[in-house]
Amino acid sequence: PRQMMMENMAGLQKNPTNSPTKTASSTKTKAVISFGLVACLIVATTLRVHKGGRDAGAMKQQDVSSILASRERELEKAIKPFGDEKHRNVRHLQQPISKDSRSNKAGKANTSKAEKKTSKSSKKTSKASKAQLTNSPSQPIPSNIPTKTAKTRRAVTPNPTNAATANPTTNPTNPPINYQYTKTSTTCEVDGQSNWQGPAPFADKSNVAVQFFAFGDTPYDNSCSTCNTCIGADGNKEDNCARYDCILKDASLSDLPPDNTCTYEGPDYNCIKDSIISYMNSKIATGDASFAVHAGDLFKGSPAGGNTRCQESSFASRRNLFSDGTNVLIVPGDNDWNECYGYDLQKNTDPIRELWRENFANDASPFNQFSTVFPGGSKPIIDRKDGNPEIYYFQHNNIAFFGLNRVGPGQQTYISDIAPVDLNAEWVEDRLSLDVDCKIQSIVIAAHYLLKDVVYDKVNVYFGICGSPVPILTITGNAHPDTFCMAKNDMNTRLDLTTEAFQSGPLLVSVVRDPDGKGDFFHVDDSDLVDSNNICPTSQ
């Protein structure tokens, strides 16, 4: 072995380490081979000592140590040309490798691999930690968790405030805008409270989820000299009815036969026909609105159960009028529902109510479904409640739209007071339960009068399931203000919009959606800037 070692050393010295053809890897390999040969020589010498019998066994321990030291010096001399770093590495190989040394060396030799493994390990650890936090029985379960696990929920629109605190969203083509509600300088003539307004839509509508018209309490046409219209005995229209006095006051309304043919087509009617309908149609045609909702009261009313104006002729008149409009929806008002002659409080139906449903809600009605696609090409399907088709629902662009049957104050109705359950509340609960993924970002409800609390209670149940509320806009009529009212509820996310009446222009409602995810907001534009219910605006 000694001879083999020396021959090997001689070969190594003929190829010094600074040769450009040698690599650090080959140099280390040769050094290890040389050390192996020396080890063989040491082992052989030791064996020879043991095989030497009693004489060899008499050799002193220091002689063996001297031989080993001599061999080591020969090895150091032989590998000197490889340099100090190589020498240290070889020397290191002779020492016992501790666990810490292995870890240290592995870390230096495999840095990139270790970093990748560490990254993967961190991810696994993070997932494991989350699972442990969720499943560990030692973690207390919060008592306020909804009974149904909430999905990813949209941001909630902040409560209205006076000061502009939201960060403005900027766009190269749109001006900065603060997404929040602000108090306006106008007041509502109904309650004297300040009106509120949401952020305005951009000119390019890039922040608009949907736009639609709202109006109601029209046409009345009950006390004017030109409102005495009816269907004559020959079946044709009469501008001055010869058969009946169609403009009787409430006090003498009982003198009008229950089977009259009055139509009440005066100034209000003509304003709707010649100006309002054409205006809304033109805006829908150009994509500036999607549909229009009428908040009830299709003609003048009277005390409950005594309004003989509710007739086939008057309903047909209003059906023909509004069927010329594009995507018009209608909800009942007290004048054309519970105040009608023959209303049966104890039942969900009677001949007059079925007549209303036939004209404005049933399958054969022109208002049962939308006729024209919305901007963007979609056309929502309208769901109508079985047995009460005047109550409807549809969803568009993650906005829930409801039409409910709440007709007025101070008078009982079957739907809200006599039925085993409030039919409006039942419908709201049923439809919102379909949103299992909590994708609805705002709710719009149209009704003639403000809803009972039980309806909003069902909405709150939905909010609890989804983990957070969304904005609600309730659109009503009945009050007849000269200009619209927009009130806010300090206790929740609800705003209440009261429409104008008679010959006022429709309101353009925009559901404005914050591009940064802060939620939906409601903005109202009055198409008729003249604060009067009795001056018909032009259709321009």
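**Helix α12**

I looked up which residues of helix α12 are buried in this predicted model. I found L423, N424, A425, W427, V428, R431 and L432. That makes 7 of the 10 residues of α12, so the helix is largely enclosed by the rest of the structure. I then asked what these buried residues pack against. Their partners are β10, β11, β12, β13, α11 (414-418) and α13.

I next examined how α12 is placed on the strands. The helix, residues 423-432, lies across β10, β11 (388-396), β12 (399-403) and β13 (442-446). It runs at about 30° to β11. At its N-terminal end I noted a cap formed by D422. A side-chain oxygen of D422 lies 2.9 Å from the backbone nitrogen of N424.

**The sheet beside it**

I traced the order of the strands in the sheet. It is an open sheet of 7 strands, running β10-β11-β12-β13-β14-β16-β15, with mixed pairing. Which strands stand at the edges? They are β10 (383-385) and β15 (485-488); each has a single partner strand, so one side of each is left without a neighbour in the sheet. On average, neighbouring strands are turned by 20° against each other, direction ignored.

β15 pairs with β16 (residues 494-498) in the antiparallel sense, over 4 bridges. Within β16, D496 stands opposite A487.

Helix α13 (residues 453-466) lies across β13, β14 (472-476) and β16, and it runs at about 160° to β14.

Is N388 buried or exposed? Its relative accessibility is 2%, and it therefore counts as buried, the cut-off being under 20%. Leaving out residues up to four places away in sequence, N388 touches N348, R357, I415 and L423. Of these, I had already listed L423 among the buried residues of α12.

**The nonpolar cores**

I asked how many residues the largest nonpolar core has. It has 58, and those with the most contacts inside it are F322, F402, L404 and I443. Helix α8 (residues 267-285) gives the most to this core, with 8 residues. Apart from it lies another core, of 35 residues, which includes F291, V293, V509 and V511.

I looked at the surroundings of F402 in more detail. Beyond its neighbours within four places in sequence, F402 is in contact with Y392, Y393, W427, V428, R431, L432, I443, V444, I445 and A446. W427, V428, R431 and L432 are buried residues of α12.

**Helix α9**

I turned to helix α9, residues 312-322, and listed its buried residues: S313, S314, F315, S317, R318, L321 and F322. They pack against β5 (208-215), β6 (230-231), α8, β8 (292-294), β9 (328-330) and α10 (351-360).

**D274 in α8**

I checked D274, which lies in helix α8. At 51% relative accessibility, D274 counts as exposed, since the cut-off is over 50%.

**The chain as a whole**

The chain has 13 helices and 18 strands. Of its 540 residues, 44% count as buried. Among contacts with a separation of 6 or more, 68% come from residues 24 or more positions apart. The chain exposes about 27400 Å², of which carbon and sulfur atoms supply 52%.

How values were computed
Residues numbered from 1 in each chain as written. Predicted model: local features only at pLDDT ≥ 70, side-chain atom pairs only at ≥ 80, totals over all residues. Heavy atoms only, no water. Core = buried A, V, L, I, M, F, W, Y, C linked by side-chain atoms within 4.5 Å. Buried < 20%, exposed > 50% of the residue type's maximum accessible area, 1.4 Å probe, protein only. Helix = DSSP H or I, 4+ residues; strand = E, 2+ residues; numbered from the N terminus. Contact = heavy atoms within 4.5 Å. Pairing = 2+ DSSP bridges. Axes fitted to C-alpha atoms, helices over the stretch in contact; angles between N-to-C directions. Polar contact = N/O pair within 3.5 Å; in protein donor to acceptor, adjacent residues only side chain to side chain. Areas by Shrake-Rupley, 256 points an atom, 1.4 Å probe, with all protein chains shown as cover.
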